[in-house]
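Thank you all for making the time this morning. Before I start, please have a look at what I am putting up on the screen.

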Amino acid sequence: MTQGAGQGPEMRTPTVRDFRVPAYVHEAGPYTQSPGPYPQSGEVYDQAAEPYDQTRDQPAGPYGGASGQYEQPGPYAQQTPPGEGAGPAGEPAGYTPTQRDLPVINRGDTLQVPVEPVAAPVVQPAEGPGPLYVVGDVHGYLDELVAALREKGLIDIDGSWAAGTSRLWFLGDFTDRGPDGIGVIDLVMRLSAEAAAAGGYCKALMGNHELLLLGAKRFGDTPVNSGAGTATFQAAWLLNGGQKTDMERLQDHHLQWMARLDAMEMADGHLLVHSDTTAYLDYGDSIEAVNDTVRETLTRNDADECWDVFRKFTKRFAFRDDGGAQAVRSLLDMYGGSRIVHGHSPIPYLLGEVGSEEGEDSPNPVVEKPHVYADGLAIAMDGGVTMAGKLLVQQLPLDS
C-alpha cells in the first residue's frame, strides 16, 4: 500500500457571510530559521470563546471545532442562526465546517518545554518487528514533539532516529495553530527515511488540517459549494490557525507528501484513523478502498470534491456518549481490528473537563495519558497541545 496516499455557482444567503481573504496571504517573504537539527518559526493569533454544543458526531470547524487559541469567530466565520432546523444525520441546516462549535481555551505563551535527559534506548525484540508507537495531533509545536519523542527514546539528542526497528505512526494534523508546521513535516519526513534505514518505520495519516492546507494552496480563494453559501479553503485555513510562515515555506515535496498520506491503516489489530467520525464509511468497504478513494479525489483536483472530503473529516465525537461504542463497532466490523486509535478531538472535551459552565473558568486541563473510552474500544490521542495540554506519544497496546 502506498504510504503518504468544479466549482459550483456562487450562492449567497442572508444568514451566511461571504469569505474574504486578507491581502497579506498572497504576499511572499522570508522566514526565520533557528539553529539546530530542526527548523522553527512562528506567528500566533488571538481568539475569543463561544458556547459549546455536545452533539455526538457533530460537524465542526476545520479543526473539527476543537479548541485552540487560533479558532476565532472573526470576519470569516459562518454562523447558522438558531431555529433554522437540522439537516440529515443531526447536522444543522446549511452545515459548513467553517463554523466553530467549541469554546477556545487559550494556550498562552508561557508554557515551557523542559529539557529532559535522553531516555534509555527502546528495547528491541530478538526477531520480528519492533514496538509500535502512535503520536497525537502536533499542530506545529515542534519543540514539544521533539521533547516527547526524546522522552520515549525514539530520537537522540540530535533529533535523529534512535529506535531501531520500532514502528511509529503519526495520526495527522501536523500544521496550523502552532509556530512551525513545516518544521514538523520536515522532521517526520526525515525520520521516515532514517527509520526505514534502521529496519523500522515512521509513517503518517492524513488529518483534516493536511486537507485544509492542501486546499488553501491549490484553490486559494476559489469559491466552493459549502452547502451554506460561499466558502473558500483560504478563508477556512486562516480562520483555523493557518500560519503565514508555513504557507511561505511550503514546497512541492511537502504538498506531494501530504497528498499521498493514507486516511486509515491497521497496525497490530489497531485501526488507526485521524478523526473520531464514521464518515470513513462513505469512502469504501476496505482500508485499501478508503485510501484509494481519498487519494484519487485529491488527484482530480476538483475544489468541491476536495472540500467535501475535508468537511467530512472535520466531524467528531461519534464514539462519545450514547451509541458511541456501536459507532466504533461499525468501523471495526467493516475494516477489522479490535480497537480504534484516533486524534482530532482533544481529550479534555471528550472527558467534559472543558466546555461546560464549570470548566470555562477552571485552569487549563491536565492531560497525562491517552483516553480509553467507548467500552474500551477507542483510544483518543489528542492531548490538546494547542490548549496547554500534552503532546502524546504512546506505545501500543495500551491497557484500559
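I will go through some backbone details and then turn to the cysteines.

What you see is a predicted model, in which local features need pLDDT of at least 70 and side-chain atom pairs count only at pLDDT 80 or more, while totals for chains, interfaces and linings use all residues. Residues are numbered from 1 along each chain as its sequence is written, and side-chain values use heavy atoms, with hydrogens and water left out.

Let me begin with a peptide bond: the one from Leu396 to Pro397 is cis, with omega near 5 degrees, and Pro397 sits in the segment that follows β11 (393-396). Helices and strands here are DSSP runs, numbered from the N terminus, with helices being H or I of at least four residues and strands being E of at least two.

Next come the positive phi angles. His344, although not a glycine, has a positive phi of about 80 degrees, and this histidine belongs to the loop between β8 (339-342) and α10 (347-350). Is His344 buried or exposed? His344 counts as buried because its relative accessibility is 0%, where buried means under 20% relative accessible area, exposed over 50%, and partly exposed in between, using a 1.4 Å probe and protein chains only.

Ala374, also a residue other than glycine, has a positive phi near 55 degrees; its place is the loop between β9 (371-373) and β10 (378-380), and with a relative accessible area of 12% Ala374 is buried.

Finally, the cysteines. Taking a disulfide as a pair of cysteine sulfur atoms within 2.5 Å, the count comes to zero disulfides. Cys202 is buried, at a relative accessible area of 5%, and Cys306 counts as buried at 4% relative accessibility.
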